Amino acid sequence: MQLDGLDTGLLASMTMGGVPPPESLGLSQAVARAFVLAVLLTGSAGQAEAAVMEAIRQVEPDEPIESTLFHGVLRSALQPAGGEAPLDIDELELAESLLPPGLRGVLRLSPQLRRCYTLRILMEIPRDGSARLLHMNGRRVDACACAAMRRLPALQGAPGFDLVV
């Protein structure tokens with residue numbers, strides 16, 4: 001299967017912050033992992049839920065559910081939504097409460113930095129694959145991921161929800 005020209009075998013072998021690839025997880029763990037990924041990519045619990053539900057609807061009986069779910073979440077969560085929705089503090093607080101403590105600061109990044117960081121650093125997707133998924137130049141993806149890494153230490157545990165651009 002191909003996802004925006006990216007071999008899904010490559011994506012299936014990726015890890016997220018040390019979490020095993022989807023095929024080695026149970027179904028409930030795979031759904032939970034997909035939801036965390038969707039929250040990080042969208043910055044919204046509601047949008048993440050919609051992305052996971054859409055991915056579940058795409059599951060075909062003859063394909064491995066975990067891989068199909070993972071790829072469906074990537075497609076749905078990264079689908080252009082006609083621009084970024086305005087920052088909603090209540091939605092950010094809800095989304096943050098659903099993430100492990102070590103990932104909560106990621107939501108305080110701007111959407112572009114957050115997505116680049118999630119794909120390049122947490123998911124370990126190579127630059128070219130991340131660039132295709134994000135419809136960006138590869139150098140820009142790396143620059144954004146590096147900027148996110150420089151800003152995250154100040155955001156971890158910082159009070160409030162100041163969006164860092």
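1. Is His 135 buried or exposed? In this predicted model, His 135 is exposed, with a relative accessible area of 61%. The residue is found in the loop between α7 and α8, the latter covering 138-155, and its phi is positive, at about 55°, although His 135 is not a glycine.

2. With a relative accessible area of 44%, Glu 124 is partly exposed, because a residue has to exceed 50% to count as exposed.

3. Buried residues make up 47% of the 165 residues in the chain. Of the contacts with a separation of 6 or more, 64% are between residues 24 or more positions apart.

4. Confidence should be kept in view when reading the model. The average pLDDT of the chain is 80, and 75% of the residues score at least 70. Among the elements of the chain, the lowest mean pLDDT, 38, belongs to helix α1 (residues 8-12), whereas α6 has the highest, 96. Over residues 1-20 the pLDDT stays under 50, and the model has 54 contacts beyond four places in sequence for that stretch. Residues 160-165 also stay under 50, with 21 contacts beyond four places in sequence in the model.

5. Turning to helix packing, helix α2 (residues 27-42) packs with helix α6 (residues 111-122) at an angle of about 140°, their axes lying 7 Å apart. That makes α2 oblique to α6, since an angle has to be over 145 degrees to count as roughly antiparallel. On the α2 side the contact is formed by Leu 37, Leu 40, Leu 41 and Thr 42, which meet Arg 114, Arg 115, Thr 118, Leu 119 and Leu 122 in α6. By class, this contact of α2 with α6 holds five nonpolar, two polar and two charged residues.

6. Helix α2 also packs with helix α3 (residues 45-57), here at an angle of about 130° and with the axes 8 Å apart; α2 and α3 are therefore oblique to each other, and α2 passes α3 in a right-handed crossing. The α2 residues Val 31, Ala 34, Phe 35, Ala 38, Val 39 and Thr 42 meet Ala 45, Gln 47, Ala 48, Glu 49, Ala 51 and Val 52 in α3. The residues of this contact divide into nine nonpolar, two polar and one charged.

7. The remaining pair to consider is α6 with α7, whose axes come within 9 Å and cross at roughly 145°, in a right-handed crossing. From α6, Arg 115, Cys 116, Leu 119 and Arg 120 meet Arg 127, Ser 130, Leu 133 and Leu 134 in α7, and the residues of this contact divide into four nonpolar, one polar and three charged.

Methods
Residues numbered from 1 in each chain as written. Predicted model: local features only at pLDDT ≥ 70, side-chain atom pairs only at ≥ 80, totals over all residues. Heavy atoms only, no water. Axes fitted to C-alpha atoms, helices over the stretch in contact; angles between N-to-C directions. Helix = DSSP H or I, 4+ residues; strand = E, 2+ residues; numbered from the N terminus. Parallel < 35°, antiparallel > 145°, perpendicular 65-115°, else oblique. Contact = heavy atoms within 4.5 Å. Nonpolar A, V, L, I, M, F, W, Y, C, P; charged D, E, K, R; others polar. pLDDT = per-residue confidence, 0-100. Buried < 20%, exposed > 50% of the residue type's maximum accessible area, 1.4 Å probe, protein only. Left-handed = near helix turned anticlockwise from the far one by under 90°.
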